[in-house]
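The sequence and coordinates come next.

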Amino acid sequence: MSVASINSSIRELSSGGALSGKVCVPGDKSISHRALLFGAIAKGLTSIKGLLPAEDPISTASCLRAMGVKISPIEKDQIVQVEGVGLDGLQEPDEILDCGNSGTTMRLMLGLIAGRQDRHFVLTGDDSLRRRPMQRVGQPLKMMGAKVQGREKGNLAPLSVLGQKLHGAVIGTPVASAQIKSAILLAALTAEGTTTVIEPAHSRDHTERMLKAFGANIEVGGEMGRHISLTPGSTLLGQEINVPGDISSAAFWLVAGALIPGSLITIENVGLNPTRTGILEILQQMEASIEIINCRDVAGEPVGDLRVSYKGKLKAFVLNEEIMPRLVDEIPILSVAACFCVGESRITGASELRIKETDRLAVMARQLNAMGAKIEEHTDGLTIQGEQILHGANVDSETDHRVAMSLAIASLLAQGETRLSRSEAAAVSYPDFWNDLEKLRI
Ligand code: S3P
């Protein structure tokens, strides 16, 4: 059975057939952005192995290059070298910084540039990014003295930033968001005095881990590491970074392997940072058969191989806001899983999903319902009936990478042919997704 492409954008997907074999998912997207950013402002060379060669990190690299940072080409299986310019070395770009589709690029970039005194920056992005809220980062940065302007009182890109002398502050963030936390910590590196971020819940902590490795004076305390303080003054030094595979990309194969009869997939070298492993917790509660093998520590991040196999029907699940930061990017693929398990699944506390690359609650409900699913949408979640027979249909990623890949897995579980429009969106985080799917189909 083959995954035939009609043209670059519409993909015909046939149903059925187990998935089997080994797959190595590409580098973690969150870690890849941070490796480029911290490498750029460190002293000396940073070499990055396993950097995700996809559109989002390429956007981060091109913004940094526009500010005078030399970064070698980002290509599959190539070590990427970043020639750090030091904390004060970023130049004023003579062009607009284009963040493409990447929210992480725009939000972390805001933190990076806010304290570059007397330098002016303009940031923009694609149609989706220009609709996403930036005030959540602009507002805390203003508490440190930053000047950020844009449409809708500074909420929407294009944004203009005039670098200022920043001062440290104690900032409580209203949502657990690693993008907000990381932007504040990046700004704190060039501020006067200590800055403390207090999160309502612990969001992914790659920034804290990596800044510490680069030599920043950062302290993590409070209940579950929710209080993070950074005191400027230390010199960041270039590092050798090994980027593990992205658990958010592995999630598509975990769900496919657990749901498609006869499947057995080994996913090698997956990052298992506990702030990211909510998908494993939920799949285990659903009684999926997942083994974690070869656990090791790679450059300050836990890593392992995951072996998933089909062992019968899965149980329905209930998700609330407690677990959300640990699986926020896996809701689209979990909503596919919910259509096939026994019972009714409920997702609550997920209103953040509405401001991702698309409104992922609305888009997943719309696209899966077009395949015959029974999904009810709520303000902050979804109720999904299990044991549904989905049928192939004309569906659309609506330009969202995680929606494209989730619908591909849904099409394998449906009856008949599915035509997926704008399938090329997958390249934002997983350029080889379609090749890997082809390889795993028996
Ligand atoms: C990311 C944080 C999360 C996540 C996004 C990547 C990061 O967003 O959804 O894909 O690298 O910091 P929020 O910070 O908005 O939760």
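## Model and domains

The structure is a predicted model. Its chain is divided into two parts: domain 1 covers 3-27 + 244-440, and domain 2 covers 29-242.

The C-alpha centres of domain 1 and domain 2 are 28 Å apart. Across the boundary, 27 residues of domain 1 make contact with 27 residues of domain 2.

## Helices H2 and H3

Helix H2 spans residues 55-66 and helix H3 spans residues 103-113. Their axes come within 10 Å and cross at roughly 30°. Angles under 35 degrees count as roughly parallel, and H2 and H3 are therefore roughly parallel to each other. The crossing of this pair is right-handed.

On the H2 side, the contact is made by Asp-56, Ser-59, Thr-60, Cys-63 and Leu-64. These residues meet Thr-105, Met-109 and Leu-112 in H3. Sorted by class, the residues in the contact of H2 with H3 are four nonpolar, three polar and one charged.

## Helices H3 and H6

H3 also packs with helix H6, residues 178-188. Here the angle is about 25° and the axes are 7 Å apart. H3 and H6 are therefore roughly parallel to each other, and H3 passes H6 in a right-handed crossing.

From H3, the residues involved are Gly-103, Thr-104, Arg-107, Leu-108, Gly-111 and Leu-112. Their partners in H6 are Gln-179, Ser-182, Ala-183, Leu-186 and Ala-187. The contact of H3 with H6 divides into five nonpolar, five polar and one charged residues. Leu-112 of H3 meets H6 and also takes part in the contact with H2.

## Helix H12

Which residues of H12 are buried? They are Arg-360, Leu-361, Ala-362, Val-363, Met-364, Ala-365, Gln-367 and Leu-368. Helix H12 runs over residues 360-370, and eight of its 11 residues are buried, so the helix is largely enclosed by the rest of the structure.

The cover over the buried residues of H12 includes both helices and strands. Among the covering elements are helix H11 (331-340) and helix H13 (401-413). Strand E21 (375-378), strand E22 (381-385) and strand E23 (394-396) also belong to the cover. Just after H12, Gly-372 has a positive phi of about 100°.

Thr-196 lies in strand E12, residues 195-198. The relative accessible area of Thr-196 is 15%, and the residue is buried, as the cut-off for buried is under 20%. Leaving out residues up to four places away in sequence, Thr-196 touches Ala-169, Val-170, Ile-171, Ile-228 and Ser-229.

Glu-291 is placed in strand E17, residues 289-298. With a relative accessible area of 41%, Glu-291 is partly exposed. Leaving out residues up to four places away in sequence, Glu-291 touches Asp-305, Leu-306 and Arg-307. The C-alpha atoms of Glu-291 and Ser-309 are separated by 8.9 Å, and these two residues are 18 residues apart along the chain.

Terms used. Residues numbered from 1 in each chain as written. Predicted model: local features only at pLDDT ≥ 70, side-chain atom pairs only at ≥ 80, totals over all residues. Heavy atoms only, no water. Axes fitted to C-alpha atoms, helices over the stretch in contact; angles between N-to-C directions. Helix = DSSP H or I, 4+ residues; strand = E, 2+ residues; numbered from the N terminus. Parallel < 35°, antiparallel > 145°, perpendicular 65-115°, else oblique. Left-handed = near helix turned anticlockwise from the far one by under 90°. Contact = heavy atoms within 4.5 Å. Nonpolar A, V, L, I, M, F, W, Y, C, P; charged D, E, K, R; others polar. Buried < 20%, exposed > 50% of the residue type's maximum accessible area, 1.4 Å probe, protein only. Domains from an automatic or database assignment.
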